[in-house]
Amino acid sequence: MGYQETLASIPEDARNRVPGAVAALASCPDHRQVASNIEDETALAEHHFRHLLEDLADATHHGLGPAEAWRQAFQGSRLRGAGLPPAQCPQMLGRVKTLATRAIAVAGASNGSLTKAEAEHELRGRAGQPALGWAEPFIRAALLGRTPVWVTFDRASPGSSPFLNLPPDREGLRVALGLGHVRPDEPLVLLACDYAKTGAPSLHRPTVADAGAAPHYYRPRPAPQEPWGLTAPLAPNVRGLAPQPELVMPECPCAGLALPFQVV
Amino acid sequence: MIGLEKVNGLAPTAIQEWLAGALRGREPLPKATPDEPPHLAILRLRHELTSRADTALADGARALLGQFCDHPTSQPDDYAQELVALCSNLRDPETPRRLGDLALRLSDFPRISDDLRFAVLGALVDTPPPRDVAFWRQILGQNPHKDAGMALSGILAVDWRAGVSLLPDLPETESAGRAAAIKLDKTWAYLSAEHRASLVDAVRSILPRCPRVISQPVGDWAGTKPAAAPGNGQSVSLLAEWSPTFIRVVGSRAASARFRCARLGAPREAEGVLVPA
């Protein structure tokens with residue numbers, strides 16, 4: 001159900017406040033995309049979308065500014081997009097993170113055994129290798145990401161690493177996956193994970209609530225019945241890279257990490 | 001860029017307040033992925049800030065770090081870890097000094113979480129200038145089991161011989177052994193060819209005195225590296241033989257760790273220590 005239909009279905013006092021809250025978001029340069037995404041949202045089931053809008057109205061009613069009101073509202077509505085039926089879940093998931101973020105996760109998983117710099121050194125050294133060596137328990141224990149974890153997969157070959165059909169270079173990955181804030185000089189880590197070995201977490205179509213406070217490169221897919229979202233490749237996309245499927249899932253360790261992983 | 005217009009438009013005094021909120025995840029930031037830690041997005045934003053705003057941001061971070069170090073248990077853990085990580089990356093010379101003072105008082109704050117404790121010590125390892133062996137020996141004295149990994153990193157960074165001498169006293173855990181191999185590999189990567197071989201020799205010499213969970217991964221690591229020509233590293237081998245005598249005399253493992261740090265890291269001081277043995 002879309003924004004207007006959902007808005008029409010919530011109690012009157014909330015219904016009267018939501019448009020003002022959305023307009024206030026639209027007036028902030030840093031939240032303009034949130035407002036646009038709320039109006040274009042199609043993946044939230046009706047009761048979840050209602051809940052999100054009512055929370056936004058409620059937070060606004062309590063005197064919060066638009067940014068803080070949105071922050072409070074989206075927290076309770078993450079991972080509420082339509083779930084992917086188990087039979088349709090891809091066998092291999094792909095995740096891209098900055099090397100710095102991954103190193104922090106690995107250092108954290110080492111429980112004081114490694115510093116961030118040591119974890120980064122090890123990640124660089126193990127990239128492209130068929131084994132993880134001494135770092136294996138730390139790398140596999142490190143979270144794939146924080147909830148909601150954004151992942152992609154290969155539509156044509158869901159049992160293969162999605163990176164086999166993506167550009168191998170950093171710029172190509174940035175463009176295809178819509179990683180607009182990544183600087184050209186920031187190394188990226190490419191993690192492909194076996195879905196079953198990762199614990200077969202629930203997979204959901206992403207929504208504006210999952211994009212949360214970082215909505216700037218998220219675009220709701222117009223068709224509500226589609227089981228997953230699509231990335232918005234960055235302009236000018238001179239190579240004509242196709243949008244990639246995207247899903248969100250709860251956080252979990254990298255137990256199913258397929259080797260080798262890559263740093264580009 | 002997200003957040004840029006806002007921060008550049010803030011008065012310098014307001015930037016500190018903005019920074020405190022941003023580190024708590026309350027401000028829109030140019031995150032690479034939505035789950036990226038805030039401090040990394042702040043560092044990204046910093047590339048685009050006006051010089052005035054950038055200076056104010058650095059000043060604000062310094063002030064917030066001062067508040068944290070004065071009252072380290074008064075802030076939420078996530079915020080404090082983000083702040084420490086940010087300050088570590090800003091390379092303010094004040095940061096290692098403040099964090100170093102706090103690290104030496106960590107035992108005064110039993111409520112500090114392990115994660116925050118490791119964040120502080122890890123930042124001290126990763127942020128130049130490196131602290132000396134005596135500093136890390138004090139850290140080790142506060143909590144030899146919990147802080148051994150960070151202390152080993154800190155000591156290897158300034159005196160690899162002293163670091164190698166700590167290996168027999170590491171906690172007998174698989175994690176400690178694996179981490180030791182990683183730390184030695186990183187140390188090795190930054191040494192000249194001559195010192196690399198000496199490091200490998202020193203490690204091989206001390207392996208018989210290490211518990212199996214340490215000697216196995218460390219030995220595997222040493223086995224992947226070429227050793228020195230005969231003769232090099234002999235002094236370290238001798239010291240490794242002397243240490244057990246000292247351990248028998250003094251009796252405690254903590255004392256033996258301190259002895260070996262002193263002997264290998266600060267020869268003049270150690271000469272005096274060795275006399276009773």
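Asn237(A) sits in the loop between strand 4 and strand 5 of chain A. Strands here are DSSP runs (E, at least two residues), helices are runs of H or I with at least four residues, and both are numbered from the N terminus. Asn237(A) has a positive phi of about 45 degrees, although it is not a glycine. This is a predicted model, in which local features need pLDDT of at least 70, side-chain atom pairs count only at pLDDT 80 or more, and totals for chains, interfaces and linings use all residues. Residues are numbered from 1 along each chain as its sequence is written, while chains are lettered from A and ligands numbered from 1 in the order in which they are written.

**Backbone features of chain A**

- Asn237(A) is partly exposed, with 14 other C-beta atoms within 10 Å. The cut-offs are 20 or more other C-beta atoms within 10 Å for buried, 12 or fewer for exposed, and in between for partly exposed, with C-beta atoms placed from the backbone.
- Pro236(A) is found in the loop between strand 4 (229–230) and strand 5 (245–249) of chain A. The peptide bond from Ala235(A) to Pro236(A) is cis, with omega near 10 degrees.
- A cis peptide bond also runs from Thr147(A) to Pro148(A), with omega near -5 degrees. Pro148(A) belongs to the loop between helix 8 (136–141) and strand 2 of chain A.
- Asn111(A) is not a glycine, yet has a positive phi of about 55 degrees. Its loop joins helix 6 and helix 7 of chain A.
- Asn111(A) counts as partly exposed, with 17 C-beta neighbours inside 10 Å.

**Domains of chain A**

- Chain A is assigned domain 1 (3–75) and domain 2 (86–263). Such bounds come from an automatic or database domain assignment.
- The centres of the two domains of chain A, taken over C-alpha atoms, are 29 Å apart.
- Their contact takes 12 residues from domain 1 of chain A and 16 residues from domain 2 of chain A. Two residues are in contact if their C-beta atoms, placed from the backbone, lie within 7 Å.
- On the domain 1 side, helix 3 (32–40) and helix 5 of chain A each supply at least two residues. Helix 3 of chain A gives the largest share, five residues.
- That side divides into six nonpolar, three polar and three charged residues. Ala, Val, Leu, Ile, Met, Phe, Trp, Tyr, Cys and Pro count as nonpolar, Asp, Glu, Lys and Arg as charged, and the others, Gly among them, as polar.

**Contact between chains A and B**

- Chain A contributes 39 residues to the contact, and chain B contributes 35 residues.
- On the chain A side, the elements giving two or more residues are helix 5 (66–75), strand 1 (92–98), helix 6 (99–109), helix 7 (116–126) and strand 2 (149–152) of chain A.
- Helix 7 of chain A supplies the largest share of that side, five residues.
- By class, the chain A side has 17 nonpolar, 13 polar and nine charged residues.

**Domains of chain B**

- Chain B is assigned domain 1 (1–129) and domain 2 (132–277).
- The contact pairs 11 residues of domain 1 of chain B with 11 residues of domain 2 of chain B.
- Helix 6 (94–103) and helix 7 (114–126) of chain B are the elements that give two or more residues to the domain 1 side. Helix 7 of chain B gives the most, with six residues.
- The domain 1 side holds seven nonpolar, three polar and one charged residue.

**Helix 7 of chain B**

- Of the 13 residues of helix 7 of chain B, 11 are buried, so the helix is largely enclosed by the rest of the structure. Among them are Leu116(B), Arg117(B), Phe118(B) and Asp126(B).
- These buried residues pack against helix 6 and helix 7 of chain A, and against helix 5 (77–90), helix 6, helix 8 and helix 9 of chain B.

**Helices 8 and 9 of chain B**

- Helix 8 (residues 133–142) and helix 9 (residues 148–158) of chain B pack at an angle of about 170 degrees, with their axes 9 Å apart. Axes are lines fitted to C-alpha atoms, for helices over the stretch in contact, and angles run from 0 to 180 degrees between N-to-C directions.
- Helix 8 and helix 9 of chain B are therefore roughly antiparallel to each other. Angles over 145 degrees count as roughly antiparallel, under 35 as roughly parallel, 65 to 115 as roughly perpendicular and the rest as oblique.
- Val133(B), Trp136(B), Ile139(B) and Leu140(B) make the contact from helix 8 of chain B, and Ala148(B), Ala151(B), Gly154(B), Ile155(B) and Val158(B) from helix 9 of chain B.
- That contact has eight nonpolar, one polar and no charged residues.
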